[in-house]
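Hi everyone, thanks for making time for this one. I'd like to walk you through a protein chain, so please have a look at the sequence and the model.

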Amino acid sequence: MDSKTKQMIVSALCKHFSLDSASFVGGAGESDVKALYANVLKASGKEASAQNNGEVLKWLEYAEGLPASSKDCFAALEKLNAELAVKSVILGNGLTPSAADVVVFAALHSSALGLSDSDKEKIPHVVRWMNYIQIREGLSTLFGPISVKLPQFDFEVSKAVVKVDANANAKKTAESAKPVEKSEAQPSTKKTDVEEPKKKATKEKEAKKDKKKPAETEPAANKEVELSVSLLNIQVGLIRKAWKHPSADSLLVEEIDVGEGKVRQVVSGLAKFCSPDDLTNRLVALITNVKPGKLRDVMSEGLVLCASNEDHSVVEPLLPPAGAKPGERVSFSGVEGKPEDVLNPKKKQLEKITPHLYTDESGVATYKGIPFMTSAGPCTSSIPKATIK
């Protein structure tokens with residue numbers, strides 16, 4: 001490993017631990033990666049966990065052994081891609097990167113800059129991880145950003161499918177209703193000659209009511225079609241402050257700025273997956289038109305949308321891109337409609353919409369494949385193919 005890469009590793013570690021790198025960078029070229037890591041860790045005042053120390057050493061050796069050129073490094077990237085297929089970060093708790101993530105990122109940075117778009121497509125989990133680390137740790141400003149090409153979608157296809165389904169449902173409703181009219185009308189005509197005038201008038205009124213039934217069934221079909229993500233008011237929020245819930249170990253409380261001139265207090269079940277420090281000054285996607293209510297005696301005025309892997313062992317809030325403004329509404333191309341003022345819990349609107357929310361293979365948050373878009377780009381997650389709730 002050359003001296004420049006070692007200096008990058010030291011700079012990244014110092015940024016991770018909030019240290020001044022000036023006293024470490026000078027002699028970086030004369031030490032190996034393990035020694036550099038040990039020196040910075042000691043200066044930070046933090047001790048390495050005995051449980052994770054073996055894993056840390058494994059990744060320090062991985063970084064030390066990386067070839068200098070992008071071409072020779074690709075086999076090592078494929079190995080890393082396989083590791084990241086089932087987790088968000090190399091070594092960390094939930095969505096929190098570790099020092100090992102920072103070391104490997106710095107060691108890979110020069111090689112990653114030289115990768116072609118076709119090579120990046122072969123290692124999607126590495127690309128997703130590199131993009132998350134450079135944003136989460138602020139390393140793109142330190143070394144220069146690694147470009148990530150986000151996937152494109154044909155939104156018109158999804159819109160056309162919805163229209164076809166709506167028409168088909170309406171036609172089926174009308175066709176199924178017509179035979180009912182005939183079957184009920186036939187018996188009444190057979191008895192008209194022998195019935196008294198009053199009974200005949202009663203039968204005619206009932207027949208008119210039956211004719212109205214198809215018209216009454218049509219709105220029910222249309223109602224299901226209208227139940228889309230447009231009912232949700234999803235806004236970009238900035239967490240100003242976060243702390244542990246006073247009476248629930250699994251809950252955190254956040255003060256979130258959504259451009260209203262005041263902060264909203266929100267309770268989230270994130271305590272097992274991230275700390276208050278992880279969330280402070282972080283952008284999130286917040287549903288702001290849920291009905292306010294208390295969670296364990298603490299008022300909550302919103303719902304932070306989070307991505308989760310299949311077994312719910314890794315959960316993290318969706319991440320709007322840098323440059324997105326607090327308060328701006330997340331939009332979905334081709335999906336029109338105004339959000340409800342307040343969602344009605346009895347109608348289970350949220351429960352019917354969330355099964356259609358998920359991240360794609362690159363970690364882009366979508367509704368039926370349509371990205372969560374802001375003025376600065378799509379919302380993302382480090383967890384690919386995740387459910388969103």
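Helices here are DSSP runs of H or I with at least four residues, strands are runs of E with at least two, and both are numbered from the N terminus. Now take helix α8, residues 124-136: with 13 residues at 1.5 Å a residue it should span 18 Å, and its end C-alpha atoms are 18 Å apart, which agrees.

Before going further, a word on what we are looking at. This is a predicted model, in which local features need pLDDT of at least 70 and side-chain atom pairs count only at pLDDT 80 or more, while totals for chains, interfaces and linings use all residues. Residues are numbered from 1 along each chain as its sequence is written, and side-chain values use heavy atoms, with hydrogens and water left out.

How confident is the predictor? pLDDT is its confidence in each residue, from 0 to 100. The protein averages a pLDDT of 81, and 76% of the residues score at least 70. Over residues 152-162, though, the pLDDT is below 50, and this stretch has twelve contacts in the model beyond near neighbours in sequence; a contact means heavy atoms within 4.5 Å. Residues 215-223 also stay under 50, with four contacts beyond four places in sequence. Where pLDDT is low, the predicted coordinates should not be read in detail.

Now the overall picture. The secondary structure comes to 13 helices and 15 strands. Of the 389 residues, 43% count as buried; buried means under 20% relative accessible area, exposed means over 50%, and partly exposed is in between, using a 1.4 Å probe and protein chains only. Among contacts between residues at least 6 apart in sequence, 68% join residues at least 24 apart. The accessible surface comes to about 21100 Å², of which 51% belongs to carbon and sulfur atoms. That area comes from the Shrake-Rupley method with a 1.4 Å probe, and for residues only the protein chains shown count as cover.

Back to α8. Is this helix mostly covered or mostly open? Mostly covered: ten of its 13 residues are buried, among them H125, W129, Y132 and Q134. After the helix comes G138, with a positive phi near 70°.

Let's stay with Q134, which sits in α8. Q134 counts as buried because its relative accessibility is 4%. What does its side chain reach? The backbone nitrogen of I146, at 2.8 Å. That is a polar contact, meaning a pair of N or O atoms within 3.5 Å; within protein, one must be able to donate a hydrogen and the other to accept it, and residues adjacent in sequence count only if both atoms are side-chain atoms. Leaving aside neighbours within four places in sequence, Q134 is in contact with F105, L139, S140, P145 and I146.

Another glutamine is worth a look: Q349, in helix α13, residues 349-353. Q349 is buried because its relative accessibility is 6%. The side chain of Q349 makes a polar contact with the side chain of E340, at 3.3 Å. Not counting residues up to four places away in sequence, Q349 touches L227, L231, E340, L343 and N344.

K348 lies in the loop between β9 (315-317) and α13. Its phi is near 55°, a positive value in a residue other than glycine, and at 48% relative accessibility K348 counts as partly exposed. S18 also has a positive phi, near 60°. You'll find S18 in the loop between α1 (3-16) and α2 (22-25), and at 68% relative accessibility S18 counts as exposed.

One more serine: S362 is in the loop between β10 (357-359) and β11 (365-367), and is partly exposed at 30%. S362 and E121 are 241 residues apart in sequence and 9.6 Å apart in space, C-alpha to C-alpha.

Methods:
The expected span of a helix is 1.5 Å times one less than its number of residues. pLDDT is the predictor's confidence in each residue, from 0 to 100.
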